[in-house]
Amino acid sequence: MKKIGIMGGTFNPIHMGHLIIAEKAREQAALDKILFMPSGIPYMKDCRQVLPGEIRTQMTELAIRSNPFFSVSTMEVDRKGRTYTYETLETLREQNPDAEYYFILGADSLWKVEAWKHPERIFAACRILAAVREEKSTEDMERQARHLKETYNADIWLLQTGHMEISSSVIRNLCKENKSIRYLVPEAVYEYIIQNKLYKNDMNNEIEKS
């Protein structure tokens with residue numbers, strides 16, 4: 001069976017932390033490839049703060065273009081209406097029944113996933129790879145993984161990814177404050193953000209009006 005990782009998220013913008021976690025997941029779980037999947041309309045976030053899907057997809061494509069094991073899926077961006085993880089995973093399994101899917105989560109999401117729509121269907125459709133970070137101890141994550149296993153029969157593997165204090169929200173705020181984001185994002189993404197004046201208040205206002 002081909003082992004495929006799913007790296008989902010708004011990627012608003014994609015940053016080095018996303019890429020590091022994806023590469024660690026590929027290495028530690030021996031994945032054949034990883035699909036980076038920008039979200040469509042995220043039902044648990046304020047859509048006014050999220051750039052259009054085509055822009056986030058372009059940044060994602062720029063970020064991963066040098067890694068032959070990474071590719072971009074526009075499945076969720078192309079879908080009309082709100083996007084749900086369980087629907088994405090079930091569709092992928094229907095399209096590729098001979099593939100085994102591994103859904104990659106950040107440490108905090110291991111506690112949030114129960115609030116997602118139909119978590120039982122998410123766990124039935126994939127294995128979970130959860131990134132261990134310093135803000136969450138391994139013991140706490142193992143305890144939460146056991147809880148999800150007992151409640152949903154979830155199959156959860158913990159990834160050792162090291163400490164990374166990078167977040168998309170920090171990057172957006174730095175852009176608004178005209179501060180450097182270089183080396184927080186891949187160079188091609190940095191140039192794209194600067195050239196297109198992304199995450200500036202006036203740019204976001206124009207996008208919302210359009």
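Student: What should I know before I start?

Tutor: The model is predicted, so local features need pLDDT of at least 70, side-chain atom pairs count only at pLDDT 80 or more, and totals for chains, interfaces and linings use all residues. Residues are numbered from 1 along each chain as its sequence is written, and side-chain values use heavy atoms, with hydrogens and water left out.

Student: How do I read the peptide bond from Asn12 to Pro13: cis or trans?

Tutor: Start with the general idea: most peptide bonds are trans. The bond from Asn12 to Pro13 is cis, with omega near 5°. Pro13 sits in the loop between strand E1 (2-9) and helix H1 (16-28). Helices (H or I, at least four residues) and strands (E, at least two) are DSSP runs, numbered from the N terminus.

Student: Is phi of Asn153 positive or negative?

Tutor: Most residues other than glycine have a negative phi. Asn153 has a positive phi, near 60°. The loop between helix H7 (138-152) and strand E8 (156-160) holds Asn153. Asn153 is exposed, at 54% relative accessible area. Buried means under 20% relative accessible area, exposed over 50%, and partly exposed in between (1.4 Å probe, protein chains only).

Student: What is phi near in Lys197, and where does Lys197 lie?

Tutor: Phi of Lys197 is near 55°, a positive value in a residue other than glycine. Lys197 lies in the loop between helix H9 (187-195) and helix H10 (201-209). Lys197 is exposed, with a relative accessible area of 53%.

Student: How many residues are in the largest nonpolar core?

Tutor: First, the term. A nonpolar core is a set of buried Ala, Val, Leu, Ile, Met, Phe, Trp, Tyr and Cys residues joined through side-chain atoms within 4.5 Å. The largest has 34 residues, and Phe36 and Met59 have the most contacts inside it. Elements giving two or more residues to this core include H1, strand E2 (33-38) and helix H2 (53-64). A second, separate core of 29 residues includes Tyr86, Leu105, Trp116 and Ala145.

Student: Which residues does Phe36 touch?

Tutor: Contact means heavy atoms within 4.5 Å. Not counting residues up to four places away in sequence, Phe36 touches Met7, Phe11, Ile14 and Leu19, among others.

Student: Is Leu159 buried or exposed?

Tutor: Leu159, in strand E8, is buried at 2% relative accessibility. Leu159 and Ala131 are 28 residues apart in sequence, yet 4.6 Å apart in space, C-alpha to C-alpha. Beyond four places in sequence, the contacts of Leu159 include Lys24, Ile104 and Ala131.
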